[in-house]
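Work through these exercises with the structure open beside you. Try each task before you read its solution.

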Amino acid sequence: MRILIFLLIATAIGIFYVWSFYDIKLVYDSFENAFFKFAIILVAFFTFIVIFRYISFIFFSITKTAQKTASFNLVNKNFRPKVSIIVPAYNEDVTIATSIKSLVTQTYNNLEIIIMDDGSKDNTYKIAKKFEGNFNGKTIKVLTKKNGGKSRALNFAIERSSGEFIMCVDADSKLEIDAVALMVRYFKDPEIAAVAGSVFVSNRVNTLTKLQALEYIEGLNMVRNGQAFLKLVNIIPGPIGMFRKTDIMEVGGYAHDTFAEDADLTLKLIEKNRKIDFEPEAVAYTEAPDELLDLLKQRYRWTRGILQAIRKHSHNLFSFKNFNFTFVLWYMLFEAIFWPFMDLFASMLLIYISFSQGVNTLLIYWWLLFSIVDVSGALYCILITNETKSLSFYAILYRLYFIGIVNIAKIFATIEEWFQIEMSWGKLERKGI
Amino acid sequence: MNFIAFLSFSVLVIIILTLVFGIVAYFLYKMRERQRRKGSDIITYEELKEEDGRKYLFFDEVHLR
């Protein structure tokens with residue numbers, strides 16, 4: 001059934017691409033200038049790459065799900081090692097209690113939960129301390145230290161943990177009760193160093209958060225599921241990720257010199273030829289920014305953090321000794337830099353064509369092509385995740401409004417990172433929804 | 001004007017508005033962060049004491065003016 005849906009989507013997109021190609025050719029022929037001819041070829045090529053990427057991810061995602069269903073029938077149910085869950089918290093008094101409660105109710109019992117207060121100025125430590133003790137065979141420890149940033153807090157707690165496996169979750173994450181049990185199964189394979197879980201938006205209170213809900217299932221979870229087919233998930237998300245402790249220690253833990261410590265750690269593991277998997281049914285709900293400026297702040301930090309992580313490993317961009325690692329680095333560069341810049345470039349070119357030759361039908365075809373991709377991707381994800389179907393309608397707004405604005409923030413973040421303009425962590429205020 | 005041309009025109013308008021809005025929103029965000037950072041420069045007596053690590057803080061006369 002899924003293969004059939006995939007074939008239908010791929011055929012529809014293919015036909016539409018060829019159809020819009022006729023319009024592209026007309027515009028191409030209308031220009032005498034070599035620069036504009038080249039620009040049109042570039043945009044057509046970029047469009048092809050983006051669509052190819054989407055179709056590949058849907059295909060890999062379907063294959064990975066089939067592969068997973070087959071392989072877990074063989075899993076040994078007696079594999080129940082100790083897992084330490086680490087919750088770094090800085091000024092999280094609004095959300096910390098809910099987060100701890102969601103961890104205590106986990107179906108997996110061999111658990112140690114460490115609440116790592118990073119020198120909060122509010123009541124985080126005091127609230128968390130009330131939960132210290134033993135609950136249903138799970139131990140809760142509350143540690144505190146002077147404020148030093150998320151990565152230092154995580155390393156501090158990892159060093160003091162007793163579990164064979166480390167699960168890192170954000171303080172505002174609310175986990176499904178079987179998340180730990182589902183993720184720990186993967187570590188039976190000694191080559192697996194880390195497993196990412198699915199992140200869903202918990203506060204769908206307005207259009208912006210609903211657009212992010214769509215982005216999380218289509219742009220993040222589906223992509224990770226596709227990457228997991230190759231065991232090369234490139235970012236273990238902050239809200240839910242599990243690691244083999246020996247692997248974290250071997251690569252020196254979380255680094256302090258980047259704003260995307262999760263991306264950096266994942267890259268270090270891939271560099272060591274370790275495998276990174278994804279469990280789509282291990283779910284964490286997180287609070288997404290519900291105001292535009294907060295969203296820009298988050299995306300600005302993500303982009304600069306990812307670029308910092310890539311920069312640290314940039315010597316591997318042209319060294320193909322570890323092909324997987326080089327491939328992941330280029331893929332991340334494509335997502336962080338090439339895509340936003342090409343998206344803006346294509347928009348500017350279409351505006352120029354419209355002003356110089358009159359409004360061209362290429363505009364609607366170009367937008368429709370991406371919207372078909374988005375709606376199909378969204379529908380596929382909604383069907384496999386039992387998400388609200390109405391979310392697929394937001395796919396129409398997604399390309400025109402959401403991606404456009406986010407890409408502008410990414411472009412400015414790239415420019416500022418290029419010029420090494422100082423930046424601060426910029427914590428988002430949580431509302432506890 | 002036929003329907004496809006009308007839709008193309010609408011997409012053009014939305015693209016232009018989104019680009020302008022995106023740029024304005026980005027600069028609004030930067031302005032807000034700058035103002036917040038200025039606000040966070042204020043430090044309480046207790047925080048300063050903790051940072052300094054001593055029991056009392058001594059001020060020069062020039063700081064009290």
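**Exercise 1. Chain B on its own**

Task: Find what share of the 65 residues of chain B count as buried, and list the elements of the chain.

Solution. Note that this is a predicted model. Start with burial: a residue needs 20 or more other C-beta atoms within 10 Å of its own C-beta to count as buried. In chain B, 12% of the 65 residues count as buried. Now turn to secondary structure. Chain B has 3 helices and 0 strands. Read from the N terminus, its elements run α-α-α.

**Exercise 2. Chain B against chain A**

Task: Work out how many residues of chain B are in contact with chain A, and sort them by class.

Solution. Take the contact first. On the chain B side there are 22 residues, and they are in contact with 23 residues of chain A. Next, sort the chain B side that touches chain A: 16 residues are nonpolar, 3 are polar and 3 are charged.

**Exercise 3. The overall form of chain A**

Task: Decide how the radius of gyration of chain A stands against the globule rule for 433 residues.

Solution. Count the elements first: chain A has 13 helices and 9 strands. The radius of gyration of chain A is 22 Å, and the globule rule gives 22 Å for 433 residues, so chain A is as compact as a globular protein of that length. Then look at the box. The C-alpha atoms of chain A fill roughly 75 × 50 × 45 Å along the principal axes. Burial comes next: 47% of the 433 residues in chain A are buried. Finish with contacts. Among those in chain A with a separation of 6 or more, 82% join residues 24 or more positions apart.

**Exercise 4. An enclosed helix**

Task: Explain why helix α5 of chain A is described as largely enclosed.

Solution. Helix α5 of chain A spans residues 150–159. Of its 10 residues, 8 are buried, so the helix is largely enclosed by the rest of the structure. The buried residues of α5(A) include A:L154, A:F156 and A:I158. A:K150 is also among them. Now find the neighbours. The buried residues of α5(A) pack against strands β1, β2, β4 and β5 and helices α8 and α9 of chain A.

**Exercise 5. Two partners of α11**

Task: Classify how α11(A) is oriented to α10(A) and to α13(A).

Solution. Begin with α10 (residues 292–312) and α11 (residues 323–357) of chain A. Their axes lie 10 Å apart, at an angle of about 150°. Angles over 145 degrees count as roughly antiparallel. α10(A) and α11(A) are therefore roughly antiparallel to each other. The crossing is left-handed. From α10(A), the contact uses A:T303, A:I306, A:L307 and A:I310; from α11(A), it uses A:L329, A:M332, A:L333 and A:A336. By class, this contact has 7 nonpolar, 1 polar and no charged residues.

Go on to α13(A), residues 394–418. The axes of α11(A) and α13(A) come within 9 Å and cross at roughly 120°. The two helices are therefore oblique to each other. This crossing is left-handed. Residues that meet here include A:P340 and A:F341 in α11(A) and A:K410 and A:I411 in α13(A). The contact of α11(A) with α13(A) divides into 6 nonpolar, 2 polar and 2 charged residues.

Methods
Residues are numbered from 1 along each chain as its sequence is written. Chains are lettered from A and ligands numbered from 1 in the order in which they are written. This is a predicted model: local features need pLDDT of at least 70, side-chain atom pairs count only at pLDDT 80 or more; totals for chains, interfaces and linings use all residues. Two residues are in contact if their C-beta atoms, placed from the backbone, lie within 7 Å. Ala, Val, Leu, Ile, Met, Phe, Trp, Tyr, Cys and Pro count as nonpolar, Asp, Glu, Lys and Arg as charged, and the others, Gly among them, as polar. Helices (H or I, at least four residues) and strands (E, at least two) are DSSP runs, numbered from the N terminus. The radius of gyration is taken over C-alpha atoms; the globule rule is 2.2 Å times the number of residues to the power 0.38. Axes are lines fitted to C-alpha atoms, for helices over the stretch in contact, and angles run from 0 to 180 degrees between N-to-C directions. Angles under 35 degrees count as roughly parallel, over 145 as roughly antiparallel, 65 to 115 as roughly perpendicular and the rest as oblique. A crossing is left-handed if the near helix is turned anticlockwise from the far one by less than a right angle, and right-handed if clockwise.
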